[in-house]
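Reader: I am new to reading protein structures, and I would like to go through one slowly. Could we take it a step at a time?

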Amino acid sequence: MTTREQLVHRYMDGFRRSDHVSILACLTDDVVWHVHGWRTTHGKAEFDDEIENPAFEGSPTLTVERTVDAGDVVVVTGTGTGRHREHGPFRFVYSDLFTFRDDLIAQVDSYVVPVN
């Protein structure tokens with residue numbers, strides 16, 4: 001596993017535990033997170049607020065099914081579950097594209113699709 005793949009997996013593990021410090025340590029200060037169709041955050045402070053979005057309860061379960069290292073971009077696909085405060089439990093599939101600057105994540109493009 002490459003160094004960048006290891007960092008992405010550390011990031012994913014941080015989300016499983018809602019570990020803000022671990023997640024933020026993987027990011028550049030000016031990180032941009034596009035959750036396509038939902039929201040874009042700019043910088044670590046906004047990113048930090050979205051780690052535990054108040055619309056959801058607890059930490060998500062995330063299963064990584066595939067990791068592809070393409071140089072400055074690492075792509076992860078997988079499945080997950082979460083719990084929405086108003087709508088209850090839900091399942092989803094996702095694809096995250098992590099764009100690196102030097103050895104940190106500078107941009108995350110998340111594509112999340114709910115499934116039954």
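Reader: In which sense do β4 and β5 pair, and over how many bridges?

Author: This is a predicted model, and in it β4 and β5 form a hairpin with three residues between them. Within that pair, Thr77 stands opposite Ser95 in β5. The two strands, β4 and β5, run in the antiparallel sense, and the number of bridges over which they pair is twelve.

Reader: Which residue in the turn between β5 and β6 has a positive phi?

Author: Strands β5 and β6 also pair in the antiparallel sense, over eleven bridges, and Thr99 stands opposite Gln107 in β6. They form a hairpin with two residues between them, and the residue in its turn with a positive phi, of about 60 degrees, is Asp102.

Reader: Which residue takes a positive phi in the hairpin of β3 and β4?

Author: Strand β3, residues 56–69, and strand β4, residues 73–84, pair in the antiparallel sense over ten bridges, and the bridge partner of Glu57 in β4 is Arg83. Three residues lie between the strands of this hairpin, and the one that takes a positive phi, near 85 degrees, is Gly71.

Reader: Is Gly58 buried or exposed?

Author: Gly58 lies in strand β3, and its C-alpha atom is separated by 9.2 Å from that of His84, which is 26 residues away along the chain. To count as exposed, a residue needs a relative accessible area over 50%. Because the relative accessibility of Gly58 is 62%, Gly58 counts as exposed.

Reader: Which element gives the largest share of the largest nonpolar core?

Author: The largest nonpolar core has 23 residues, and those with the most contacts inside it are Tyr11, Phe47, Phe98 and Ile105. Among the elements that give two or more residues to this core are α1, α3, β5 and β6. Leaving aside neighbours within four places in sequence, Phe47 is in contact with residues including Tyr11, Phe15, Trp33 and Val108. The largest share of the core, five residues, comes from α1.

Reader: How far from Glu5 is the nearest side chain of opposite charge?

Author: Glu5 lies in helix α1, residues 3–17, and its side chain reaches the backbone nitrogen of Thr2 at 3.0 Å. Apart from neighbours within four places in sequence, Glu5 is in contact with Thr67, Asp69 and Val74. A salt bridge would need the charged atoms within 4 Å. Glu5 is buried yet has no salt bridge, and the distance to the nearest side chain of opposite charge, that of Arg66, is 9.6 Å.

Conventions:
Residues are numbered from 1 along each chain as its sequence is written. This is a predicted model: local features need pLDDT of at least 70, side-chain atom pairs count only at pLDDT 80 or more; totals for chains, interfaces and linings use all residues. Side-chain values use heavy atoms; hydrogens and water are left out. Helices (H or I, at least four residues) and strands (E, at least two) are DSSP runs, numbered from the N terminus. Buried means under 20% relative accessible area, exposed over 50%, partly exposed in between (1.4 Å probe, protein chains only). Lys and Arg count as positive and Asp and Glu as negative; His and the chain ends are not counted. A polar contact is a pair of N or O atoms within 3.5 Å; within protein, one must be able to donate a hydrogen and the other to accept it, and residues adjacent in sequence count only if both atoms are side-chain atoms. Contact means heavy atoms within 4.5 Å. Two strands pair if DSSP finds at least two bridges between them. A nonpolar core is a set of buried Ala, Val, Leu, Ile, Met, Phe, Trp, Tyr and Cys residues joined through side-chain atoms within 4.5 Å.
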